Amino acid sequence: MDTNQQWNINAIFKAQDSLEAADAYKHYYKQLYNYGRKLTDNTSLIEDAIHDVFISIWQAHSRNSSLDTSRSYLYSSFRRKLFRYHQEAIKRMQREERATLSSVPEFGADHFIIHREQDQQLKATILQALQQLTPRQREAVYLRFYENMQYDEIAAVMDISVKATYKLMARALDELKLLVNLPFYLLLPMLRLLFIKQ
């Protein structure tokens, strides 16, 4: 196939069963496909748009056999159709997302009341457990979670080394973890919530 060959678009529609029409169709299908790939990655939309634009032009030719189709008309028709299909695909995805979001279960007021009561019970348990720590452990926890101090600052305040601060805090948290029976990933956020400054 000569790449410089000029393909007669009208042969596709006027001499549909000819070899020239088949070759022209293959040529323009490939050209439109490549053009569509510059506009979108969705190959299904590209193929649908190519198929439908040829069908539309065939139907127009069947109604008016003297219709003359140009290359620019073929490309602009394809481009409009591809954009329309693309917009429809986006709208369809948005509808599906909205439908998915609306199917998320809603929690009733009793759910939040139960949650609040559980949080209050947990808060009371943690406060009670804090009272069982040594005064220095309590002080370290207070400085870390209420005053939001770094370990070097706590060390300076308590007049101990940073290494001793880490040890003191580790022992305090280990003890709290055992007393409240919570894993660290839940205990630490609870301590932060508990000590949020009002």
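Modeller: First, a helix here is a DSSP run of H or I with at least four residues and a strand is a run of E with at least two, both numbered from the N terminus. By that count the protein has nine helices and zero strands. The model is a predicted one, in which local features need pLDDT of at least 70 and side-chain atom pairs count only at pLDDT 80 or more, while totals for chains, interfaces and linings use all residues. Residues are numbered from 1 along each chain as its sequence is written, and side-chain values use heavy atoms, with hydrogens and water left out.

Let us take helix H4 and the helices it packs against. H4 covers residues 71-102, which is 32 residues. From first C-alpha to last, H4 reaches 46 Å, close to the 46 Å expected at 1.5 Å a residue; that expected span is 1.5 Å times one less than the number of residues.

Which residues of H4 are buried? They are Leu74, Tyr75, Ser77, Phe78, Lys81, Leu82, Tyr85 and Ala89, where buried means under 20% relative accessible area, exposed over 50%, and partly exposed in between, using a 1.4 Å probe and protein chains only. An α-helix has 3.6 residues a turn, so residues three or four places apart point the same way. The partners of the buried H4 residues are helix H1 (9-14), helix H2 (19-39) and helix H3 (43-63).

Two of those partners, H2 and H3, also meet each other. Their axes come within 10 Å and cross at roughly 135°; axes are lines fitted to C-alpha atoms, for helices over the stretch in contact, and angles run from 0 to 180 degrees between N-to-C directions. H2 and H3 are therefore oblique to each other, since angles under 35 degrees count as roughly parallel, over 145 as roughly antiparallel, 65 to 115 as roughly perpendicular and the rest as oblique. On the H2 side, the residues making the contact include Tyr25, Tyr28, Tyr29 and Leu32; on the H3 side, Ile46, Ile50, Val53, Phe54 and Trp58 are among them. Contact means heavy atoms within 4.5 Å.

His61 is found in helix H3, and it is buried, with a relative accessible area of 5%. Leaving aside neighbours within four places in sequence, His61 is in contact with Asn10, Phe13, Lys14, Leu67 and Thr69. Asn10 has its place in helix H1 and is buried too, at a relative accessible area of 9%. With its own neighbours within four places set aside, Asn10 contacts Ala15, His61, Leu67, Asp68 and Thr69.

Of the contacts between residues at least 6 apart in sequence, 58% join residues at least 24 apart.

Asn148, in the loop between helix H6 (135-145) and helix H7 (151-158), has a positive phi of about 55° although it is not a glycine. Asp159, in the loop between H7 and helix H8 (162-180), has a phi near 60°, again positive in a residue other than glycine. Asp159 is exposed, with a relative accessible area of 69%.
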